Each structure stands twice: as C-alpha cells, then as structure tokens.
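Below is a short report on one protein model. Look at the sequence and the coordinates first, then read on.

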Amino acid sequence: MRMGIDVGGTKTAAVLLDARGTVVGQHQVPTVRGEGVVDSVLAAAGRVLGDAGLGVDRLEGAGLGIPGVVGRDHSTIRDAVHLGIDAFDVGAAVGERLGVRVLVENDVNAAVLGARHLLDDDSAAFAYLGLGTGIAAGLLLDGAVWRGTTGVA
C-alpha cells in the first residue's frame, strides 16, 4: 500500500492506494499551522489506515505534497507562507512518527505530475494551475518538473 498526503492552507487530505493504484480509502482533517502540520498529517493518515483496517506496517511509503519551497532532499520545506513555516524538515518529522519513508514535493508540482499521469499525456511541455488558498503553477518540460535555478520557478 502507498499513501499520498496533500497539505493545504485549510485542509490536509490523505489517500490510500493499493498496488494497482486503486483508491482504497481517503480522509481529510483541518490543517494546523506551523510545525503542528505534522499532527494534521498524522491524524489524516491514521484515520485512513484505521478505516481500511490496516496498520502502518502495510505501507511501502508515503508522498507528501505541501506548499512552499521543497529542498533537493525531498524532505525539507521553506517559505511555506500559508502554513506559517519559515523552514522545517517535514519529511523527517512525519516519517519518524509515521514509521515509513516520506518523500516531500511542492503540492502544485505533485499535482502537475499527477495530472499528466491521469491524462496519459506525453507532451514535451505540460502545465497545471492550482487555485486554492494561494495561486501557483507547476510546469513539466520533457517530463521533468521545471524548478528554475533557485527551486521556485
């Protein structure tokens, strides 16, 4: 089983997927700002696992989409303005408490990758515009997320 978690300015949603990519459970909770975002992630993840009658030992790993600038380590974030976070290793904090490896990606970059996959589009360029608590765009060039020279393109 794999888990995807989307942290937004107002809600945190977790989805549980089986080996075929079929959704077997989902749950959302309000987002707690600051480092309390870890509690939001764990609440959503725990509930979706509990509803499915599964323990964390069944997870292969988790992906976490979150607003802000994600480090090259796919664990740290900075400048997550809507969450009140200047800098935080959210991947390590969630992974340690959840008990699985957590890979972190900017939420809109994760969305552009997901949209391209769902649409089965192999265009050289693909864009996604996210409208939520904030406004952001994700761009794929030749299948890869375009981050720019500073990671915030």
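The lining of the second largest pocket splits by class into two nonpolar, five polar and three charged residues. The model is predicted. The volume of this pocket is about 170 Å³. Which residues line the second largest pocket? They are Val-69, Val-70, Gly-71, Arg-72, His-74, Arg-78, Arg-147, Gly-148, Thr-150 and Gly-151. Val-69 and Val-70 count as nonpolar. Arg-72, Arg-78 and Arg-147 count as charged. Gly counts as polar here.

**The open sheet**

Five strands make up an open sheet with mixed pairing. Their order is E3-E2-E1-E4-E8. Strand E3 (23–30) and strand E8 (102–106) are the edge strands, each pairing on one side only. On average, neighbouring strands of the sheet are turned by 15° against each other, direction ignored.

Within this sheet, E1 and E2 are antiparallel partners. Arg-2 has Leu-17, in E2, as its bridge partner.

Two helices meet the strands. Helix H1 (residues 37–51) lies across E1, E2, E3 and strand E4 (61–66). H1 runs at about 145° to E3. Helix H3 (residues 107–119) also packs on the sheet and touches E1, E4 and E8. The direction of H3 makes about 95° with that of E8.

E9 and E10 form a hairpin, with three residues between the two strands. E9 covers residues 125–131, and E10 covers residues 135–141. The two strands run antiparallel. Ala-127 stands opposite Leu-139 in E10.

| Strand pair | Residues | Bridges |
|---|---|---|
| E1 and E2 | 2–7 and 11–17 | six bridges |
| E9 and E10 | 125–131 and 135–141 | seven bridges |

Leu-129 belongs to strand E9. Is Leu-129 buried or exposed? Leu-129 counts as exposed, because its relative accessibility is 57% and the cut-off for exposed is over 50%. Leu-129 still has contacts: leaving out residues up to four places away in sequence, Leu-129 touches Ile-135, Ala-136 and Ala-137. How far is Leu-129 from Ile-77 in space, C-alpha to C-alpha? The distance is 21 Å, and the two residues are 52 residues apart in sequence.

In a regular strand, side chains alternate between the two faces of the sheet.

Note on methods:
Residues are numbered from 1 along each chain as its sequence is written. This is a predicted model: local features need pLDDT of at least 70, side-chain atom pairs count only at pLDDT 80 or more; totals for chains, interfaces and linings use all residues. Side-chain values use heavy atoms; hydrogens and water are left out. Two strands pair if DSSP finds at least two bridges between them. Helices (H or I, at least four residues) and strands (E, at least two) are DSSP runs, numbered from the N terminus. Axes are lines fitted to C-alpha atoms, for helices over the stretch in contact, and angles run from 0 to 180 degrees between N-to-C directions. Contact means heavy atoms within 4.5 Å. On a 1 Å grid over the protein atoms alone, a cavity is a set of points where a 1.4 Å probe fits but cannot get out, and a pocket is an open set with protein on both sides within 12 Å along at least five of seven lines; lining residues have an atom within 4 Å of a point. Grid points are joined across faces, edges and corners, and a volume is the space filled by probe spheres set on the points. Buried means under 20% relative accessible area, exposed over 50%, partly exposed in between (1.4 Å probe, protein chains only).
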